[in-house]
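Work through the exercises below with the sequence and the 3D view open. Each task is followed by a stepwise solution.

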Amino acid sequence: MMHDFTLRVAGESGEGVITVGETVARIAAREGLQLVTFRTFPAEIKGGACMMQLRLSDQKISYHGEKVDCLVALNQAALDENFPDLKEQGVLLCEAECDVIEDGLSATVYKVPFERIAVREIGSRISKNIVVLGVLAELLAIPKPRVEEFLAEKFAKKSEAILDHNMQALEKGICFARENFSKREGFGFPPGKPERHLLMTGNEAIALGSAAAGVKCFFGYPITPASEIMEWLAVHLPRMGGKVLQTEDEISAICAVAGASWAGEKAMTATSGPGVSLMSEALGLLSIAEIPAVIVDSQRGGPSTGLPTKTEQSDLMLAIHGSHGDAPRVVIAPTSVSECITMMGAAFYFAEKYQMPVIVLVDQALSARVETVKPGIVEEIPKSSRLRAQAPAEGNFARYKLANSPVSPAAIPGTDGCEHMVTGMEHDEFGNFACDDETHTAMTVKRFRKLEEIEHDPLTQNLCQSIGEGRADIGVVTWGSSAGPVEEAIAEARRLGISVRGLVPKILNPLPHAQMKKFFSEVNRVIVPELNFTGQLASQLRATYRVPTISLTKIKGVPLEPSEIVAKIIEATDGLQQRSARRYGRAR
Amino acid sequence: MYKILFNRHIGLNPHSLMLPEPVQDIAEYGAIPTTGLTSGHQGCAGCGMVSGTNQVLRALKLTGKHVVASIGTGCNEVITTQNTSCWGDASVDHNNFPNTGATLSGNIAALKALEMAGLASADAFVNLGMAGDGGTYDIGLQALLAWIARGENGLYVCLNNQAYMNTGVQGSGATPFGTNTSTTPFGKIVHGNQRTPQYLPDLALAAGARYVATACPVHHRDLMIKVQKAAAIEGPCVIEIYSVCPEGWKSETDVFHEITQLALETRAWILYEAERDHKNNMVLFTLNYAPKKHRPVSEYLQMQERFSGMRELAEMVEKTQEIIEARWSFWNPVLAANQTHGEERVHDA
């Protein structure tokens, strides 16, 4: 029995590629398997190449897999594009009319007339994807009743005729495979009563995590790849006593967040890089006015409209530094769908406790990725609350009181005795405009001291994942969705006998300094893989820790692959060996 | 404020207060040489926007001027920028989402500077701006109204498909009441979009536009007359084009004409134009299409699944009908005049 299997379905958008992938994913999740998926989107509204890849395993996995065990190609273009990623001993299922050069090919090739079966035998071209599903069910030994059960639920609201059509298509697919295939992949589902997993995308997880963290007001503006967060909340938040408002642009969205938050509710927005660019001025306002706010940035290829449907991690500098003046904010970056849930709790925790903006950096790949999540995960979300002010016994309420703690008690507007003014101008303790050097210095120090406190917050200590312990030749530091491939690459490099370990800071501003410094003192060379051109985390590390780094950057619109990282690790090791060899030579 | 005058004549109107000659009325738009958007675009089957843009470009061809197009992010930008041949011999600048209006101002400033340097004649160019309803009613509204207020030459075309379609059908400021979109879902508590849309011609006139019009590609003669007028009239002109979207309206791809005709006959979409006479502080309104029989809006709601929830609720259908009647009542004077005075024009240029 094979318990780590990667499947890719490729075709044209609208052909049902995603339905096939999602069906296999949902059945697998019900059977207790872990899975991570990856899918591409065409920039076109309809049509254009798309694919969905699923990796299924009975172990914890954090990456969608590099080479695939089984490739389903629904047309020639999909075959040509994806064939190089098929494993040597893999199985190719393709539309019968596709040209495949089989000479010298070690993969098993099955040409299946998917379209002909759908059109001639079922009488409906759109059933093609269900025929594909039938063929796959037989090949992968997915028990037929489980697929039928799923289809019955999926088409429950449709007419019986539609369900019947689909059941027939499934049967035809299974029969074709039974009669024509000699090989079976033998991917069996684990026996016994499985623990069912939840299955959701990163965007759904962000929305769910926010709701569980107690968000009451969401303001947003449509933008790929973040729109699903608003769409999920538009459906569910009203039932939880919350409000979702679509504004006319991102500037309004974040300013509405500022208003709602000042009025005392947990408020957030979600957008992509172009939206954060527009929000930059307001980030400064939230910072100087000390208003809690959560901003999700699902990064895509930039700059400007850039690559709207492709992934990139190129907004790190924007997240940390975007906005004029010295405007501190917290930046955190989950690495998996499960963390998208828990770290939305962390975002509200930091925002409310320290009264400042918190940016959550994810990317298109993580937003769209479907992953298994254990039930009950919302229980792990940290609780958050704002320090509430009491009306002063005498005198005016000092909203920005300079005291030992940089966090001043806040009051809901309209609280008797706590009347106050918040402002984007530099201000004194009471909110009065003051541009003298002493006030500006004291207030700037106050705002930046929050970052120091956050660095020592107990929650921050959990926001840094170490892969391996102790001294190592090579250290790999990465962030966000690149953590999955890095984890796999480190495991592979260790199998090759290389001394390597990794560190994934999930809070990027402030960085978890103690853990970072310890790590740098224990490794000889630092590789920083990330999905941008300039090596944004690497330059941040060089500036902060004066540590030399080797950047591994990629801007191809797709996630890093473990093999690329392993190659870089080997390259760096060679350098080390040569250096020690030279040293050895000189000593002799 | 301005005085409102009505043109008694209902129908095609190639005349203008500002132009000495009527513009051309082209019965067969295919007779004009191809200028783009005939092939190579990525539009969905049944998209009204492709047809609309094609007609705009053909009508501008009649002006003999070079088209400088500034296009805002949106469906039209996505489907026409993967292949430069889409725009024929026009020069195209895809700018950001919020600033189509601002780019029009930039173009004018540059053309004027070139003219002063003796390098070009501003008259040789049509300054064309194009954006969707999201880029016009929402994020681009500030730039658009500011451009109109500056009184600069140009033609702004809004391709209105009544939601953000290329990002997955999210509601916009132009989304009709009761529509089911991904951000205004039709549910048990909230029944789709609760807002009534704004009207672009109203906003543009208030900001000082010289000429505003609504159009639809099914009535191509009307559309192309309006585009020629807008290109010829001095000052900011705005045309809003009804753009059928099978993907977002959840309609069949082959009922483009039927949906448009129903929109006109139920008066969910009104074809009209308005010209401003600054000297006399008046605006002349012309109704370009008045259906003989007013069909109930429920018929319009039938062909589009985006209305599948609200059309089952009598009070929502009723409110939609009320919105239509209220807007249509604006035309009462000209409708009354036509009953008594036939086809005679109230105001003659």
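**Exercise 1.** What covers the buried residues of H8(A)?

This is a predicted model, in which local features need pLDDT of at least 70, side-chain atom pairs count only at pLDDT 80 or more, and totals for chains, interfaces and linings use all residues. Residues are numbered from 1 along each chain as its sequence is written, while chains are lettered from A and ligands numbered from 1 in the order in which they are written.

Step 1. Helices (H or I, at least four residues) and strands (E, at least two) are DSSP runs, numbered from the N terminus. Helix H8 of chain A spans residues 227-236.

Step 2. Of the 10 residues in H8(A), 8 are buried (20 or more other C-beta atoms within 10 Å of the residue's own, with C-beta atoms placed from the backbone). Among them are Ile229(A), Met230(A), Trp232(A) and Leu233(A).

Step 3. The cover includes strand E7 (198-201), helix H7 (202-212), E8, E9, E10 and E11 of chain A.

**Exercise 2.** Give the strand order of the open sheet of 7 strands and name its edges.

Step 1. The order in chain A is E9-E8-E10-E11-E13-E12-E18, with mixed pairing (two strands pair if DSSP finds at least two bridges between them).

Step 2. Strands E9 (243-246) and E18 (507-509) of chain A each pair on one side only, as edge strands.

**Exercise 3.** In which sense do E11 and E13 of chain A pair?

Step 1. E11 (residues 293-299) and E13 (residues 357-363) of chain A are joined by 7 bridges in the parallel sense.

Step 2. Ile295(A) has Ile359(A) in E13(A) as its bridge partner.

How values were computed:
Two residues are in contact if their C-beta atoms, placed from the backbone, lie within 7 Å. Axes are lines fitted to C-alpha atoms, for helices over the stretch in contact, and angles run from 0 to 180 degrees between N-to-C directions. A residue is buried if 20 or more other C-beta atoms lie within 10 Å of its own, exposed if 12 or fewer, and partly exposed in between; C-beta atoms are placed from the backbone.
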